[in-house]
Amino acid sequence: MSVRTQSPEPPESSGATHRAGFACFVGRPNAGKSTLTNALVGQKVAITANQPQTTRHTVRGIVHRPDAQLILVDTPGLHKPRTLLGERLNDIVRTTWAEVDVIGFCLPANEKLGPGDRFIAKELASIKKTPKIAIVTKTDLVDGKTLAEQLIAIDLLGKELGFEWAEIVPVSAVADKQVDLLADLIVPLLPEGPALYPEGDLTDEPEQVMVAELIREAALEGVRDELPHSIAVVVEEMLPREDRPADRPLLDIHAFVYIERPSQKGIIIGPKGKRLKEVGIKSRKQIEALLGTPVFLDLHVKVAKDWQRDPRQLRKLGF
Ligand SMILES: Nc1nc2c(ncn2[C@@H]2O[C@H](COP(=O)(O)OP(=O)(O)OP(=O)(O)O)[C@@H](O)[C@H]2O)c(=O)[nH]1
Ligand SMILES: [Mg+2]
């Protein structure tokens, strides 16, 4: 077993080859995929939350280096689906890992390998041609002994399923441990080629989608049980306010926060609208930082009955 704690030797003729390609992060919900994506990109491109199934579409984050362009594809956590939305999310993951140059399987250091991890590993085993890196996330949460046991268990898991991990890398995105090393290890596995995205682009997410995601992230904070899954956000309109002086622009953003049942409305809005107001303030600050302009954010809560199970509603919400 080779567990990485330092970078590989640079190739002898370094400087000449440029590499560019795609690596996806897969793993159970809440494994830390989006947090790791953001840490590698150096900016928030994917929202994160301490709840499973935060990510609902593939988010591309672009890492620019002199020797390579690494495009990270953050995917929704793979899980046992209970709704049509869940099935759609799993389909997205499977399509993605068939298309990338490297697969990074994220396993949290602080949770023993479970049936969910084994299930994913088994599926990965059938993708023979793509190198698979095991990434042990959240190492800041465990001691050395626990981490060592986890590394051994992951190595064994590969052997049981008849393949070797290209690398096993422990990282902490929160404590910024070995994050750059991970990029160093992925890059040699990418094909040679010129950059695929313009210099400076950190994601290909449309602004409207990023804005909706920032609102959803704020709305997810502090909600529990089924409610996180029931929330969807759609930005209906983003328009510069007319009649504003050139040096004092204002962007009007109109967005809907969807929930599934009328009974959820009260929780999202809060007493006297307090909670929705907080969601608005929190996300507006982030949106202003993202777009670099003052924003007027108009949020409305709407019921889309059982949208997670309804094909028509799912389509309307972009799934
Ligand atoms: N302590 C610690 N917490 C982390 C680390 N990485 C992620 N987390 C936390 O783990 C939780 C889940 O992180 P996400 O990045 O949203 O996980 P995910 O795998 O993208 O989850 P889904 O999108 O739901 O599949 C969040 O509360 C993060 O703050 C880490 O390196 N250390
Ligand atoms: Mg995520």
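This is a predicted model: local features need pLDDT of at least 70, side-chain atom pairs count only at pLDDT 80 or more; totals for chains, interfaces and linings use all residues.

Biologist: How many residues surround ligand 1?

Modeller: Among the residues around ligand 1, the closest are Lys33, Thr35, Gln53, Thr54 and Asp140. By class, the shell divides into seven nonpolar, 12 polar and three charged residues. The number of residues surrounding ligand 1 is 22.

Biologist: At what distance from an oxygen atom of ligand 1 does a polar side-chain atom of Thr35 lie?

Modeller: A polar contact requires N or O atoms within 3.5 Å. The side chain of Lys33 has an N or O atom 2.7 Å from an oxygen atom of ligand 1, and a polar backbone atom of Val174 is 3.2 Å from an oxygen atom of ligand 1. For the polar side-chain atom of Thr35, the distance to an oxygen atom of ligand 1 is 2.5 Å.

Biologist: What percentage of the area that ligand 1 exposes when taken alone does the protein bury?

Modeller: The polar backbone atom of Val174, 3.2 Å from a ligand oxygen, belongs to the protein side of this contact. Taken alone, ligand 1 exposes 660 Å². Of that area, the protein buries 89%.

Biologist: How many disulfides does a search of the whole structure find?

Modeller: A disulfide requires two cysteine sulfur atoms within 2.5 Å. For Cys24, the nearest cysteine sulfur is that of Cys106, 9.2 Å away, so Cys24 is in no disulfide. Cys106 likewise is in no disulfide, with the sulfur of Cys24 as its nearest. The number of disulfides found in the whole structure is zero.

Biologist: Is Cys24 buried or exposed?

Modeller: A residue counts as buried under 20% relative accessible area. Cys106, with a relative accessible area of 0%, is buried. Because its relative accessibility is 0%, Cys24 counts as buried.

Biologist: What distance separates the C-alpha atoms of Leu40 and Val234?

Modeller: Leu40 is found in helix 1, and its relative accessibility of 11% places it among residues counted as buried. Along the chain, Leu40 and Val234 are 194 residues apart. Their C-alpha atoms are separated by 27 Å.

Key:
Residues are numbered from 1 along each chain as its sequence is written. Chains are lettered from A and ligands numbered from 1 in the order in which they are written. Side-chain values use heavy atoms; hydrogens and water are left out. A residue is near a molecule or strand if one of its heavy atoms lies within 4 Å of it. A polar contact is a pair of N or O atoms within 3.5 Å; within protein, one must be able to donate a hydrogen and the other to accept it, and residues adjacent in sequence count only if both atoms are side-chain atoms. Accessible areas come from the Shrake-Rupley method with a 1.4 Å probe; for residues, only the protein chains shown count as cover. Ala, Val, Leu, Ile, Met, Phe, Trp, Tyr, Cys and Pro count as nonpolar, Asp, Glu, Lys and Arg as charged, and the others, Gly among them, as polar. Buried means under 20% relative accessible area, exposed over 50%, partly exposed in between (1.4 Å probe, protein chains only). Helices (H or I, at least four residues) and strands (E, at least two) are DSSP runs, numbered from the N terminus.
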